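Please read these notes with the sequence and the model side by side.

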Amino acid sequence: MTQYHPTQLIPTAPLVHFRILFGLMMALSVLRFYHYGWIESLYIEPVYFFGYFDWLVPPGATGIYLLFATVFLSALGIMFGLFYRWSACLFFLSFTYIELLDKTNYLNHYYFVSLIGFILIFLPAHRDFSLDAIRLPSLKTIEIPRWTIDLLKFQLALVYIFAGIAKLNPDWLFRAMPLKLWLPAQVQVPIIGPLLSYEITPFIFSWGGAFYDLFIVFFLLYRPTRSLAYLAVVGFHVVTAMLFQIGIFPYVMIISTLIFFSPETHENILHKIKEWTGFVSANHSLNNNWWSWKKLKPYLIFFIIIQLVIPFRFLAYPGHLFWTEQGYRFSWRVMLMEKAGYTTFTVADELGNKTEWVNNTDYLTTQQEKMMSTQPDMILQFAHHLAKVYKKKGYQNPVVRCQSRVTLNGTLSQPLVDPTVNLATIQSDWKHKSWLLPFDPDFGENSKKLFKTKQTTDEK
C-alpha cells in the first residue's frame, strides 16, 4: 500500500474547477435572493432579529444591500481568481455575517458554504487558469500539495457521513418520519409523484437516504465505483430538489462532489479548456508547499478536530434532541423532523398589578414566529427582548411567562415550556434548559388513559 503524503504534488486542476464552480454557484444564489425579494423580506422588513450574538446587529437597509453586493462581487472574484485571497476573505466574512444575523434563516447548507469559504482562504486555488495568474505570471503553477484537495474532500465527507449517522434514529428508520408526512403531499411531482402515495415509499426513502449518506463517500473514493456513485449523487440531489424547497443545497453538493474525481480527469478537462481559451500554463510546481504545510498543519488539525466534535455536542445534554434542540444546529442533521407549534407570552410587572398578553406579530414576521415557536433558545431570546421592551413601558422587573404547545413528527401537541417559569430571569447560556418540559412520545395515549380514568372517577 502506498503511503499517504499530504505534500505529494498533484495537478492544480481539481482545485481550479472547484473554485470556478463554487464561485459561480454563490454568485447565482445572491441573484436568486434578490430576484425573489428575500433580501428585503428576511433582512430589512423584520423589526427584531434572533441574532447569534447580542452585539451582532443588522446594518440597516443600505448596509444589508452592501453586504449582499459584497458576497456577489467576492464570489465572482473567487470564480475568476481575481484578487483571490481578498475575495475569499470578503466572501467568508460577509456571507457569515449575514448568516449569523438571524437564527430564523439557519440552514445546514449556509453553514457548509461558510466553512468552504473559510477553507478557500488558505488554498492556492488561484495559481492556475485565473485572472491573478494572468496579472502575475509568477503565481502560475501546474502542481499543488495533495492536502489542499483532501481538505475539501474531508469537509464534504463530513457532511454526508454525519447526515447518515443522524438518520440512525427510531423516528427515521422505524416510523419513516417525517417523510411519511411530507411525501404524500408531493404526488403532483412528475414521474415519481404517483409512487409517493404508497405506504412503503417513505420507508424506502428513509432507509435509502441513510444508506446513501453513510456510504456514498466511500464509493466516490473508490475508483471502480466512482462514476456510478456520482450518478447516484446527481440522482439523489435532483430528486431532493424536486420534492423539497431547500434552495441551492442540492446543486452545491452536485458540483462540490466533483472534487472526488481523479486529478488526471480534471487535468484533461482543464487542458481542453485552456486550448480553447488560449491560456498558457506554467511549467513549475508550488515551490513553498512544504513550508506551507508545516506552518498550517497545527491549525488544520485543530479545525478538523472541531469539525468532528461539534456534531456530537448534543451528547452533553439530557432529554430528546429534537425536542430541546440542544446541540442540534451545525451538526448536519438534514430534514430529520417536522416540528410545529403555537407560543404565547404574558408580561406582568413584579407586583402583579398589571398583566398583558403579547401579540407576537407586533414584533415578529410570520416566518420568525413560526421558527421561534418550536425552538427553545429563540423562545428565551424573544422573552428577554420582551422584558426590555416592557421595562421601557414602565413595568418594574417584568415577569415574562410562556404558554407553548408543540408537535414533533406527527405526535399530538404537548407543552414545551414550563408556564410557571419567569423566562426574563433565565440566563441564556450553553447549560441544559431545565425550564423545558420533557418530551413524552406517548403523549396522546397517556392523555387518553388519563381522560378515561377521570371519566370513571367522575361516574363513581
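1. Basis of the notes. This is a predicted model, in which local features need pLDDT of at least 70 and side-chain atom pairs count only at pLDDT 80 or more, while totals for chains, interfaces and linings use all residues. Residues are numbered from 1 along each chain as its sequence is written, and side-chain values use heavy atoms, with hydrogens and water left out.

2. Overall layout. The protein chain has 18 helices and six strands. Both are DSSP runs numbered from the N terminus: helices are H or I with at least four residues, strands are E with at least two. Along the principal axes, the C-alpha atoms fill a box of roughly 90 × 55 × 40 Å. In the protein chain, 73% of the contacts with a separation of 6 or more are between residues 24 or more positions apart. A contact here means heavy atoms within 4.5 Å.

3. Surface and interior. Of the 460 residues, 51% count as buried. Buried means under 20% relative accessible area, exposed means over 50%, and partly exposed is in between (1.4 Å probe, protein chains only). The chain exposes about 23700 Å², and carbon and sulfur atoms supply 65% of that area. Accessible areas come from the Shrake-Rupley method with a 1.4 Å probe; for residues, only the protein chains shown count as cover.

4. Nonpolar cores. A nonpolar core is a set of buried Ala, Val, Leu, Ile, Met, Phe, Trp, Tyr and Cys residues joined through side-chain atoms within 4.5 Å. The largest one has 116 residues, and those with the most contacts inside it are M26, F91, F345, F382, L386 and L423. Helix α7 (residues 147-166) gives the most to this core, with eleven residues. A second, separate core of six residues includes A13, V16, F129 and A133. Returning to F382, its contacts beyond four places in sequence are Y48, F50, F345, N360, Y363, L364 and M372.

5. Are they buried or exposed? F129 is buried, with a relative accessible area of 18%, whereas I191 counts as exposed at 80%.

6. N409 and its surroundings. N409 is in the loop between β5 and β6 (414-415), and its relative accessible area is 0%, so N409 counts as buried. Its side chain makes a polar contact with the side chain of D171 (2.8 Å). A polar atom of the N409 side chain also lies 2.8 Å from the backbone nitrogen of E338. A polar contact is a pair of N or O atoms within 3.5 Å; within protein, one must be able to donate a hydrogen and the other to accept it, and residues adjacent in sequence count only if both atoms are side-chain atoms. Residues touched by N409, beyond four places in sequence, include R175, M177, P178 and L181.

7. A cis peptide bond. The peptide bond from M177 to P178 is cis, with omega near 10°. P178 lies in the loop between α8 (170-174) and α9 (179-182).

8. Q326. This residue is found in the loop between α15 (321-324) and β3 (339-348). Q326 has a relative accessible area of 3%, so it is buried. What does the side chain of Q326 reach? It makes a polar contact with the side chain of H432 (3.1 Å), and it reaches the backbone nitrogen of K433 at 2.6 Å. Leaving aside neighbours within four places in sequence, its contacts include F314, Y317, P318 and K431.

9. P398. The loop between α17 (376-392) and β5 (399-408) holds P398, which is buried at 8% relative accessible area. P398 and A424 are 26 residues apart in sequence, and their C-alpha atoms are 7.2 Å apart in space. A424 is one of the residues that P398 touches, and V347, A348 and Y390 are among the others.
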